[in-house]
Amino acid sequence: MSRIELTGNPFVKSALKNRWPQLAVFIVMLAGYLFAILAGLVGTQVGSHNFSIVFVWIAWWAILILVAVPFFGRGWCAVCPIPLPGEWLQRGAVLHPPRKKPKWFNLRWPRAFRNIWLQNISFLLLALFSSVLLTTPNITGIVLAGMLFAAIGLSTVFERRAFCRYLCPVGGFIGLYSQTAPVELRIKDKQVCATCEGKPCYNGSANGYGCPWDVFPGGLTKNTYCGLCMECIRTCPHDNIAVNLRPFSADLARPSTRMDEAFKAFIMLGSAMIYAGVLLGPWGALKDAAYNVGTSAWFIYAAVFLGVIFVIMPSLFALCISRFENLNAFKKRFATLSTSLIPLGLMFWVAFSLSFVLTNATYIFASLSDPLGFGWNLFGTANVTWQPMLTSILAPGQTLALVGGLIWSARTAQKAANEAKTSFIPVIVYCFITTLVMLWLLL
Amino acid sequence: MRSYLLLLLFVMAGLVVAFAPLPVQPIMPQERTFRIEARQFAYSPSEIEVNPGDRVTIQLVSTDVVHGLYIDGYGISVEADPGQSATLTFIANKSGSFRVRCNVTCGAMHPFMIGKFTVGTNDWFYRSMGLAMLGVVSIFPLSSFLTQRKKKEERSGAGD
């Protein structure tokens, strides 16, 4: 299947170029985000009856991991409200570029941190406290507010969207998995970009801002760092930017050789397995350890969590693919082959989330009518009783996701191994074993 | 064409692994009684196993706040007040592994208060393992099929 240019349709193109539709979505999202902070801080502290928990960790999470990431890649980043207040402040405008820019520090992000290690760390920080974060409204409220203020603070010090690009705990894994999505933003003709004067897509012009994600669209080869903000479509004077429909996982045909991205794949794969065991498993002691932050049991849990992700899983993978060669060559092969874990990781999260979301989805109806848990009944759904949904198709659905992910990863491993000039069999064995563990945890 | 047929064969084999009926050894149904203690946020014992057809009685005892016990797939539940016990009796007429969940909001980790109820063997898990194995093996005809298709597309592209 070749690519289909969605922006070839005049209606789609004008909808993407026009700032108003995006702003309308932004305002709704920002209002929802601010309300989630408010609900977390002033609403009931019973998580299953609080908007912040129900709408962030059940409704938003379901949309993100089951729909947005697999089908639209960074589609969520295109409408995410977190960077907006900081960006408006940084630009001194909400819509079109102003004549006079505000004087902020506008620093370049430090070279040493121009990678996703900080995103890996920020994700793990949240992951270690996730049992509390997912269930305690005021902690969710504080974390959401913290992310908003961090984005504002970084926008006043650094140029562009430094928070989204280098710090956002969610953006890191969305970027990783966006490589599998069937949507991409790319240039149409390289030569046009090479001869373009001033590169307004990167530097900005009167028509729009320079790429907020610090990416030169002319050099885009994968989705990882393109936030689909559509700014380059507005600024390109040559109509050389397209949004395309493409085959799934097209980016994975050119595997990354970066260790930060390789470890992101292990972090996500390992976290999904640990969450499946801790949150969905029948082991009460594990839940106690994960929830009682600061106790010795929690420190052991945290050490095991980090040990599994940073030591056990990468070491087993390294052992599977090891052969005699120098360290640099090995690191490159390790990173290249770990690309194969990306589809499997995404499907692990889909399988995990299916269980979590279908079981708790009825809370959405109750929370819609009584978002703060104050006893309201705005839409007459406040008293909808809890009932797991579609439990009969849950296990087959999870198997389908996991086995599908395994096949998808095996196919990716073939391509990555071809690139690394090595055998794909050990990678498939690794994927197979991790899939069996995940099946055992979920079924 | 050959890889296409081989792929079709794998899909058929997958359907057999997933849905073919398995031989069942007849076991005399029994009366089974379990006392399950519920506390924030765990059941003890957290996993129970019975045979298909058993008449199961669960005596739920709550040791702290109000807890419930809901069995996925069966759609039945029972609630116990603190220090009290409540009883649920039913026939285990559906085989497989089912999650047991607290159905009364009992605290922060309530959505994750989960146990496991297994009737007979957890067939679906073994079937899923079989499907995973089949999936791994199917990668060879699948990649051959995809490569052939790509070559065909390239040839037709060059022809244009």
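**View 1. Contact between helix 16 and helix 17 of chain A in a predicted model**. From helix 16 of chain A, the residues A:Phe317, A:Ala318 and A:Ile321 meet A:Arg333, A:Phe334, A:Leu337 and A:Ser338 of helix 17 of chain A. Contact requires C-beta atoms, placed from the backbone, to lie within 7 Å; helices are DSSP runs (H or I, at least four residues) numbered from the N terminus. By class, this contact has five nonpolar, one polar and one charged residues. Ala, Val, Leu, Ile, Met, Phe, Trp, Tyr, Cys and Pro count as nonpolar, Asp, Glu, Lys and Arg as charged, and the others, Gly among them, as polar.

The model is predicted: local features need pLDDT of at least 70 and side-chain atom pairs pLDDT 80 or more, whereas totals for chains, interfaces and linings use all residues. Residues are numbered from 1 along each chain as its sequence is written, and chains are lettered from A and ligands numbered from 1 in the order in which they are written.

**View 2. Axes of helix 16 (residues 296-321) and helix 17 (residues 327-338) of chain A**. The two axes, lines fitted to C-alpha atoms over the stretch in contact, come within 11 Å and cross at roughly 105 degrees, on a scale from 0 to 180 degrees between N-to-C directions. Helix 16 and helix 17 of chain A are therefore roughly perpendicular (65 to 115 degrees) to each other.

**View 3. Contact of chain A with chain B**. Chain A contributes 35 residues and chain B 32 residues. Helix 20 of chain A gives the largest share of the chain A side, 10 residues. That side divides into 19 nonpolar, 14 polar and two charged residues.

Note on methods. Contact = placed C-beta atoms within 7 Å. Helix = DSSP H or I, 4+ residues; strand = E, 2+ residues; numbered from the N terminus. Parallel < 35°, antiparallel > 145°, perpendicular 65-115°, else oblique.
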